[in-house]
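Me: I'm new to this one and would like to learn how to read it. Could you take me through a few features, general idea before the case at hand?

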Amino acid sequence: MIQKAFRNYISNFQGFSREVWILTLVTFINRAGTMVLPFLSKYLHEDLHFSLSQVGTIMVFFGIGSMLGSWLGGKLSDTIGFYKIMIFSLLVSGLMFFGLRFVTSFYGLCISMFLIMTVSDMFRPAMFVSLGAYAKPENRTRALTLVRLAINLGFAAGPALGGLIIMNVGYKGLFWVDGATCIIAILIFWIKVKEKKKSTYLDKEHPGDVLVESVFKDKIYWLFLVSTLIVGIMFFQLFTTVPIYHREQFGLTELQTGLLLTLNGVLVFFLEMPIVNYIEKNKKDKLKVIILGCFLMTISLFLMLVNTWSGILLIMMLFMTFAEMFNFPFSNAFALSRAPKHHQGRYMAIFAMSYSLAHILSAKIGMTIIDKYGYQTNWLFMGALGVIGTLIGIYVYNLVEKEKTNVKSS
């Protein structure tokens, strides 16, 4: 019975090209090293003694840099190619992380975070486009899921290891590890993967899934992005307000916070690919799954209103994890499927930018609400926002169904 279950699980990972596997390995190494991010708000607040409002402002610059980097990465991927962008992004951002440990002033950190994230997040849209070049069309959603698994497995290892490094070496050690892993990851990619000049996804003999001429004219896509933005704002509470709440409300250590985040990564690693494979095989509507994910994430934030029992943090993490598994891989796939083949970089850039904007709003709104009104008000606000996101998702689903009907009738 166990052997059969294991074989079924392994079968979910078959059919990928060598390049996709190497890209997955590179992503894992990079994300495992990015252990600064889950503890960044704690580092700024507890080690450098900035107020929550100042932390929120620094995270705004973090998000603005991320948005600019995402746009540049997508735009340049369509012009000079994703390969060069990926190598430049990780190599230079790795070197910049080495220097970040020496920056401790408020304005210095605002500028440094902006510059680092501008360079670092050029990687994301370029990586999405690379999957269009190296993955077969029928494997596209699973390839996106495989890379997401690498990200989550990296996060499973990273926070727990990061917590140990903080307790034994201090926060400064994280910056060395982060910089080194960026450089190691991209060297592996550069040595093992050769640049692919042309993708079947860019070939006119393989037309796109939609017929809009420009991303700016795709109304459905922009409404979808609003829902995606709301999901991002809720999800990034895990890396901004929630770690501080763990200590202030329940007295959790960095290691305990890291272990809760590790649980998230482990569950995603073991369950997401089978879930995606099941949904793909049974041809379940992807937008319905995305909406379900948004709804579950909304519940997870409302659960945080229970502030007298620490066990609620575990239950909240379970809801958040399943929400993530239902929402994120299919949001990636839906965004990619909307793009005409010569506009993939632009579509994925704006998709990545929605998460960057979520970083800005999640940190600033969350920290400001907590500073003025307390944690309970923040969880209530975030949950209400999730209800709006779910309703927008339902509206997008209805528009897509109407679009399909119009295409068939014409």
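Reply: Let's begin with surface patches. A patch is made of residues with over 30% relative accessible area and no salt bridge, where like charges are joined within 9 Å and nonpolar side chains (Val, Leu, Ile, Met, Phe, Trp, Tyr) within 5 Å. The areas come from the Shrake-Rupley method with a 1.4 Å probe, and for residues only the protein chains shown count as cover. A salt bridge is a side-chain nitrogen of Lys or Arg within 4 Å of a carboxyl oxygen of Asp or Glu.
This is a predicted model, so local features need pLDDT of at least 70 and side-chain atom pairs count only at pLDDT 80 or more, while totals for chains, interfaces and linings use all residues. Residues are numbered from 1 along each chain as its sequence is written, and side-chain values use heavy atoms, leaving out hydrogens and water.

Me: Which residues make the nonpolar surface patch?

Reply: Phe302, Leu380, Val387, Leu391 and Ile394 do, and the patch covers about 420 Å². Helix 16 (residues 375–409) gives the largest share, with four residues.

Me: How are helices picked out, and how many does the chain have?

Reply: Helices (H or I, at least four residues) and strands (E, at least two) are DSSP runs, numbered from the N terminus. Here there are 16 helices and zero strands.

Me: How many salt bridges does a search of the whole structure find?

Reply: Two. In one, the side chains of Arg338 and Asp218 meet at 2.8 Å, N to O. Arg338 is in helix 14 and Asp218 in the loop between helix 9 (172–192) and helix 10 (219–235), so this pair ties together parts 120 residues apart in sequence. Arg338 also bridges to Glu403, with the closest N and O atoms 2.9 Å apart. That pair links helix 14 with helix 16, 65 residues apart.

Me: Which of these residues are buried, and which partly exposed?

Reply: Arg338 is buried at 3% and Asp218 is buried at 2%, whereas Glu403 is partly exposed at 28%. Salt bridges link Asp218, Arg338 and Glu403 in a network.

Terms used
Buried means under 20% relative accessible area, exposed over 50%, partly exposed in between (1.4 Å probe, protein chains only).
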